[in-house]
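The sequence and structure are shown below.

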Amino acid sequence: MREFWNQKFEGDAYKYGEQPNAFLKQEAGRIRPHASVLVPGDGEGRNGVWLAEQGHQVWSVDCSDVGLAKAQDLARRRGVERQVQTRLADLTEWRPARQAFDAVVVCYLHLPSSQRPAVMANLLQALKPGGLLILEAFHPNQLGLTSGGPKDVDLLYTLQALRDDAIRSDVAGAELLGWEGEVDLDEGPFHQGRAQVTRWIWQAAG
Ligand SMILES: C[S@@+](CC[C@H](N)C(=O)[O-])C[C@H]1O[C@@H](n2cnc3c(N)ncnc32)[C@H](O)[C@@H]1O
């Protein structure tokens, strides 16, 4: 996994751009000011760095050292390097501290169905009471489209799968937003064009 993503992130270009994901930008106002935010699978850091620019303290965790080096560079260029901590880790092995974060932001982190429920449980358990998980990922209807994402249906997320993960996690909480549908992606060379995505916002009980 590490080698796969390191190869993808080689070179100066930011493969998903340097601007935040549009859904995150639209919904980030829900996160309380000066929050602690975990960004698992932050890659080259476009989302983590933007969240830091909004005044949050960010922990970007990714299995790609090439991606994280670019995230650190972006943070330096934007003057928020002290607000972004990076950690090289495989999310299927690393576990965040329980109830440590005000928000967890998951953007196009596609894990196989054999691993996703356990990782999602770890991420939901990492939320403080009242904390928010904000997620966007490709939906199975993305198969056949050329705007990005994995070509294996096992790596694509339905809302129902995420809801089942939340139930299995044993963390009390509620869905604030659940949506599956078509969007126009304009996120660097790797995410361009009409796409089918799943969007989900879930809040831990306060
Ligand atoms: C499609 S990229 C998305 C990057 C970033 N979230 C964005 O939207 O620009 C997926 C990211 O998830 C990371 N990733 C995939 N599987 C992982 C795992 N098991 N542990 C840690 N990171 C992982 C990859 O290294 C990559 O950075």
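Is His-110 buried, exposed or partly exposed? His-110 is partly exposed, because 15 other C-beta atoms lie within 10 Å; a residue counts as buried with 20 or more other C-beta atoms within 10 Å of its own, as exposed with 12 or fewer, and as partly exposed in between, the C-beta atoms being placed from the backbone. The model is predicted, so local features need pLDDT of at least 70 and side-chain atom pairs count only at pLDDT 80 or more, while totals for chains, interfaces and linings use all residues. Residues are numbered from 1 along each chain as its sequence is written.

**Loop residues**

His-110 belongs to the loop between strand S4 and helix H5 (116–125). Helices (H or I, at least four residues) and strands (E, at least two) are DSSP runs, numbered from the N terminus. Leaving out residues up to four places away in sequence, His-110 touches Ala-137, Phe-138, Pro-150, Leu-155 and Leu-156, where contact requires C-beta atoms, placed from the backbone, within 7 Å.

His-34 itself is in the loop between H2 and S1. Its phi is near 55°, a positive value in a residue other than glycine. His-34 counts as exposed because it has 10 C-beta neighbours inside 10 Å. Gln-99 also has a positive phi in a residue other than glycine, near 50°. The loop that holds Gln-99 runs between strand S3 (84–88) and strand S4 (101–107), and Gln-99 is partly exposed, with 13 other C-beta atoms within 10 Å.

Ala-35 is placed in the loop between helix H2 (22–27) and strand S1 (36–40). Beyond residues up to four places away in sequence, Ala-35 touches His-56, Asp-102 and Ala-103. With 19 C-beta neighbours inside 10 Å, Ala-35 counts as partly exposed.

Two further residues lie in the loop between S5 and H6. Tyr-157 is found there, helix H6 spanning 159–169, and Asp-154 is in the loop between S5 and H6 as well. Tyr-157 is buried, because 27 other C-beta atoms lie within 10 Å, whereas Asp-154 is exposed, with 12 such atoms within 10 Å. Apart from neighbours within four places in sequence, Tyr-157 is in contact with Ala-137, His-139, Leu-162 and Thr-198. Under the exclusion of residues up to four places away, Asp-154 touches Pro-112 and Ser-113.

The table lists C-alpha separations for three residue pairs.

| Pair | Separation in sequence | C-alpha distance |
|---|---|---|
| Ala-35 and Gly-55 | 20 residues | 7.7 Å |
| Tyr-157 and Ser-113 | 44 residues | 8.9 Å |
| Asp-154 and Ser-114 | 40 residues | 8.9 Å |

**Ligand shell**

Around the ligand there are 19 residues, of which Trp-5, Tyr-16, Gly-41, Gly-43 and Cys-63 come nearest; a residue is near a molecule or strand if its C-beta atom, placed from the backbone, lies within 6 Å of it. The shell comprises 8 nonpolar, 7 polar and 4 charged residues. In this division Ala, Val, Leu, Ile, Met, Phe, Trp, Tyr, Cys and Pro count as nonpolar, Asp, Glu, Lys and Arg as charged, and the others, Gly among them, as polar.

**Nonpolar core**

The largest nonpolar core has 53 residues, and Val-37, Val-104, Val-105 and Leu-133 touch the most other members. Strand S5 (residues 127–138) gives the most to this core, namely 7 residues. Such a core is a set of buried Ala, Val, Leu, Ile, Met, Phe, Trp, Tyr and Cys residues joined through C-beta atoms within 7 Å. Not counting residues up to four places away in sequence, Val-104 touches Leu-38, Pro-40, Leu-123, Ala-126, Leu-127 and Leu-133.

**Packing of H1 and H4**

Helix H1 (residues 2–9) packs against helix H4 (residues 65–77) at an angle of about 45°, and their axes are 7 Å apart. H1 is therefore oblique to H4. From H1, the contact involves Trp-5, Asn-6 and Phe-9, and from H4 it involves Asp-65, Val-66, Gly-67 and Lys-70. The residues of this contact divide into 3 nonpolar, 2 polar and 2 charged. Axes are lines fitted to C-alpha atoms, for helices over the stretch in contact, and angles run from 0 to 180 degrees between N-to-C directions. Angles under 35 degrees count as roughly parallel, over 145 as roughly antiparallel, 65 to 115 as roughly perpendicular, and the rest as oblique.

Key:
Contact = placed C-beta atoms within 7 Å.
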